[in-house]
Amino acid sequence: TCLNNSTLFVDQSSGNPTQWFWDFGEPSSGPNNNSTQQNPGHTYSSSGIFTVMLIATSSFGCIDTILQTIIVNPLPFVNFSPTTVCVGIASQFSDLSTINSGSMVSWQWNFGDPSSGPNNISNIQNPSHYYITGGLYIVLLTVTSDSGCQNSTSLPVYVAPPPTANFIATDACFNSANGYTDASLGASQWYWQFGDMTTSTLQNPT
């Protein structure tokens, strides 16, 4: 079974037992470590190999005991690194998932961009995705191990919209300074070309 999933135990005793006592081999679970049901379930709090004991008792008071081991497989620890980009540039996603034992065999990405149709999903370990509009997207990654155990995580990804360039110019006489006022939206850097081979990186140059 996988960690955090309930393990079902099915009694296959013969001789018509009428009482059952189970020890699930996990003393740290306290009273949940035992059960008197015929077919109980138990959820282990850690992965590993556990020795399970069943004592079956007949209506005549005769008993028999059996020990078996169960493997509780670990879940992948899912993590990834997104890149913050501008609209029109591919967002790169790097899988950073790990697992204590075994290996990871599949990855499923949901980029939180349903308008992109089938491109909203990817099964590549380290994919990329083009967002056509800026904004905040919630990206979900689900990883499956070679034991069939799955785990997921989601992270926000910000796609920056492009700035809108605009400016206001004032006319002037020859040999007088022309003033230029930046009217752009979302800009943090400016590069001006005045048409006479001169340039400026000021926001509001002359």
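How many aromatic pairs does a search of the whole structure find? The search turns up 15 aromatic pairs. Keep in mind that this is a predicted model. Let's look at some of these pairs, and then visit a glycine.

**Two ring pairs**

Start with Phe167 and Trp192. Their ring centres are 5.1 Å apart and their planes meet at 70 degrees, so this pair is edge-to-face. Phe167 belongs to strand E15 (residues 167-169) and Trp192 to strand E17 (residues 192-193), so the pair ties together parts that are 25 residues apart in sequence.

Now turn to Tyr180 and Phe194. Here the ring centres lie 5.3 Å apart with the planes at 35 degrees, so the pair is tilted. This pair also links distant parts of the chain: Tyr180 sits in strand E16 (residues 180-182), while Phe194 is in the loop between E17 and strand E18 (199-200), 14 residues apart.

How accessible is each of these residues? The table lists them.

| Residue | Relative accessible area | Class |
|---|---|---|
| Phe167 | 45% | partly exposed |
| Trp192 | 9% | buried |
| Tyr180 | 19% | buried |
| Phe194 | 25% | partly exposed |

Tyr180, at 19%, counts as buried because the cut-off for buried is under 20%.

Elsewhere, ring pairs join Phe80, Phe93, Trp109 and Phe111 into a cluster.

**A glycine in a loop**

Gly25 is in the loop between strand E2 (17-23) and strand E3 (34-35). With a relative accessible area of 27%, Gly25 is partly exposed. Leaving aside residues up to four places away in sequence, Gly25 touches Asn33, Phe50 and Thr51. The C-alpha atoms of Gly25 and Asn4 are separated by 16 Å, and these two residues are 21 residues apart along the chain.

Methods. Residues numbered from 1 in each chain as written. Predicted model: local features only at pLDDT ≥ 70, side-chain atom pairs only at ≥ 80, totals over all residues. Heavy atoms only, no water. Helix = DSSP H or I, 4+ residues; strand = E, 2+ residues; numbered from the N terminus. Buried < 20%, exposed > 50% of the residue type's maximum accessible area, 1.4 Å probe, protein only. Contact = heavy atoms within 4.5 Å. Phe/Tyr/Trp six-rings, centres within 6.5 Å; stacked < 30°, edge-to-face > 60°.
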